[in-house]
Amino acid sequence: MKYKHPEGKFLIIGGGIANFTDVAATFTGLIQALQHYASEIKEHKIGIWIRRAGPNYVEGLRKVKAASDKLGLGLKVYGPETHITAVVPMALGLMEALPEPDLSSACGPPVRKMIPGAGSKPSTQKPAPQPTKHTIVTASPETTSIVYGMQNRAVQGMLDFDFMCKRKKPSVEAMVFPFSGNHYVKFYWGTEEILMPVYTTTKEAVQKHPNVSVFINFASFRSVYETSMEAMNYPSIKTLGIIAEGVPEQQTRELIKAAEAKGVGMIGPATVGGIKPGCLRIGNTGGMLDNIVMSRLYRPGSIAYVSKSGGMSNELNNIVARNSDGVYEGVAIGGDRYPGSRFLDHFLRYQDDAGCKMLLLLGEVGGTDEYDLVEAVKKGRITKPIVAWCVGTCASCFATEVQFGHAGAQARGDMETAAAKNKAMKEAGFHVPDSFDKLPEMISKVYTQLVEEGVVKETPEGETPQVPMDYTWA
């Protein structure tokens with residue numbers, strides 16, 4: 001507020017759908033700042049626009065809106081019903097301002113109407129190639145896991161997701177925690193209490209639970225290398241999820257090499273995990289239960305996506321649910337320079353899965369993995385329609401190369417820029433929007449075409465599950 005502008009200024013506070021951040025608590029400091037600088041904000045004619053979602057977001061938006069009304073600041077607030085970047089063009093007058101949401105209750109799942117004219121047009125889809133073998137095993141309703149680390153909250157979230165999906169048994173069979181003796185931990189399966197065994201060694205856990213195929217490693221970057229290497233020694237483990245950030249690149253490359261040699265699929269490091277509605281949720285993927293319900297992740301849809309960012313996977317879940325019949329599967333591969341699995345690994349798996357009808361990619365500046373997909377499409381290995389966007393196009397606005405949040409999010413050459421990758425994908429036949437805020441529109445367009453061609457067969461929406469109250473947020 002050092003200098004005035006004759007046309008006024010804008011303060012844009014934009015945020016994605018948080019996993020566990022208490023949004024109301026984060027707005028406490030903002031409200032204090034508004035109260036302290038109210039006169040200066042009015043004097044400089046600063047318009048304030050907010051978009052935020054996540055735990056307690058309604059209470060947070062309600063409080064900041066009440067403070068604004070009391071101070072006469074005319075602040076605008078939006079939640080997950082609005083696209084994450086929509087406040088920018090609205091603030092700048094590039095699009096008409098949307099009505100502010102009703103803050104009497106949280107935004108529920110979108111009301112979906114069946115698309116008319118289903119099967120009325122001839123199919124334009126190319127014939128699918130022969131399936132191939134995949135390292136990462138696609139989860140089923142019978143897939144179970146072992147969780148390394150005393151991550152009680154994550155495990156309870158996985159069990160709540162399982163129960164909501166009507167799984168017959170929990171997706172977590174056991175936990176491993178080397179710093180205490182063998183014992184049991186109480187969890188809830190619906191309204192019933194169950195006891196889950198906790199072992200001091202991975203060896204004992206695997207021996208006593210031979211049907212487990214997924215190992216979810218919550219160990220810190222200090223010990224994740226040793227514990228992951230050990231887990232891959234057991235033939236029953238087919239998929240390894242590494243959540244930790246900050247894993248040294250040399251160790252990551254050794255883990256990738258070992259995984260390839262042993263035929264183990266690897267997700268991470270630096271990932272929130274992945275989710276397959278109706279089957280399996282890895283760790284905290286998808287956030288809290290109200291977000292799971294809002295994005296209809298309790299039952300499968302038709303669109304499978306891959307993202308580097310775990311935070312943006314929440315946004316993709318939301319966008320897909322509002323512009324199609326929902327998510328079939330979603331994976332965040334992690335933002336490190338050397339992820340354990342690549343975009344291509346998952347897209348080939350989705351291509352060979354009859355339940356998946358459409359693919360969605362959210363890439364980013366840095367790396368060349370997107371070009372592997374381009375080649376696969378050109379060679380006819382991937383024939384399903386792909387909607388894609390690489391974030392980071394704003395990097396060209398800076399005089400020097402910019403390192404974004406992820407370790408791998410920096411262009412090391414012209415080919416690694418977001419603009420170059422978007423151009424290459426569009427030329428290869430991908431459905432690439434002109435900008436990220438046009439992504440929902442593009443998804444809706446391609447999905448509608450698939451319904452009209454009879455590729456996607458829509459079914460009426462069933463009953464929405466009730467979300468049990470989490471009294472830690474009450």
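Mentor: Start with accessibility: buried means under 20% relative accessible area, exposed means over 50%, and partly exposed lies in between, with a 1.4 Å probe and protein chains only. The model is predicted, so local features need pLDDT of at least 70 and side-chain atom pairs count only at pLDDT 80 or more, while totals for chains, interfaces and linings use all residues. Residues are numbered from 1 along each chain as its sequence is written, and side-chain values use heavy atoms, with hydrogens and water left out.

Now the salt bridges. The criterion is a side-chain nitrogen of Lys or Arg within 4 Å of a carboxyl oxygen of Asp or Glu. Searching the whole structure gives 22 salt bridges. Side chains of opposite charge can pair when their charged atoms come close.

Take Lys65 and Glu100. Their side chains form a salt bridge, 3.1 Å from N to O. Lys65 is in helix H3 (residues 57–71), whereas Glu100 is in the loop between helix H4 (87–91) and strand E4 (145–148), so this pair ties together parts 35 residues apart in sequence. Those labels follow DSSP runs: helices (H or I) have at least four residues, strands (E) at least two, and numbering starts at the N terminus. Lys65 is buried, at 18% relative accessibility. Glu100 is partly exposed, at 29%.

Next, Lys121 and Glu452. The closest N and O atoms of this salt bridge are 3.1 Å apart. Lys121 sits in the loop between H4 and E4, and Glu452 in helix H14 (residues 439–452), so the pair ties together parts that are 331 residues apart in sequence. Lys121 is partly exposed at 44% relative accessibility. Glu452 is buried at 18%.

Glu416 is buried, with a relative accessible area of 10%. Arg337 is partly exposed at 24%.

There is also a network. Arg112, Arg296, Arg299, Glu458 and Glu461 are joined into it by salt bridges that share partners.

Now the sheet. Two strands pair if DSSP finds at least two bridges between them. Seven strands make an open, mixed sheet in the order E6-E7-E5-E4-E8-E9-E10. The edge strands are E6 (183–189) and E10 (265–267); each has a single partner strand, so one side of each has no neighbour in the sheet. From one strand to the next, the twist averages 25°. Axes here are lines fitted to C-alpha atoms, for helices over the stretch in contact, and angles run from 0 to 180 degrees between N-to-C directions.

Inside the sheet, strand E5 (residues 172–176) and strand E7 (residues 192–199) run parallel and are joined by two bridges. Val176 has Tyr199 of E7 as its bridge partner.

Helices pack on this sheet. Contact means heavy atoms within 4.5 Å. Helix H5 (residues 152–164) touches E4, E5, E6, E7 and strand E8 (214–217), and its direction makes about 40° with that of E6. Helix H7 (residues 224–231) lies across E4, E8 and strand E9 (239–242), at about 175° to E8.

Next, nonpolar packing. A nonpolar core is a set of buried Ala, Val, Leu, Ile, Met, Phe, Trp, Tyr and Cys residues joined through side-chain atoms within 4.5 Å. The largest such core has 81 residues, and Phe347, Leu360, Ile382 and Phe430 have the most contacts inside it. H14 supplies its largest share, seven residues. A second, separate core has 26 residues, among them Ala174, Val212, Ala231 and Ile256.

Finally, the backbone. The peptide bond from Gly268 to Pro269 is cis, with omega near 0°. Pro269 belongs to the loop between E10 and strand E11 (273–276). Lys45 is not a glycine, yet its phi is positive, near 50°. Lys45 lies in the loop between helix H2 (38–43) and strand E2 (46–53), and it is exposed at 53% relative accessible area. Asn56 also has a positive phi, near 65°. Its place is the loop between E2 and H3, where Asn56 is partly exposed at 26%.
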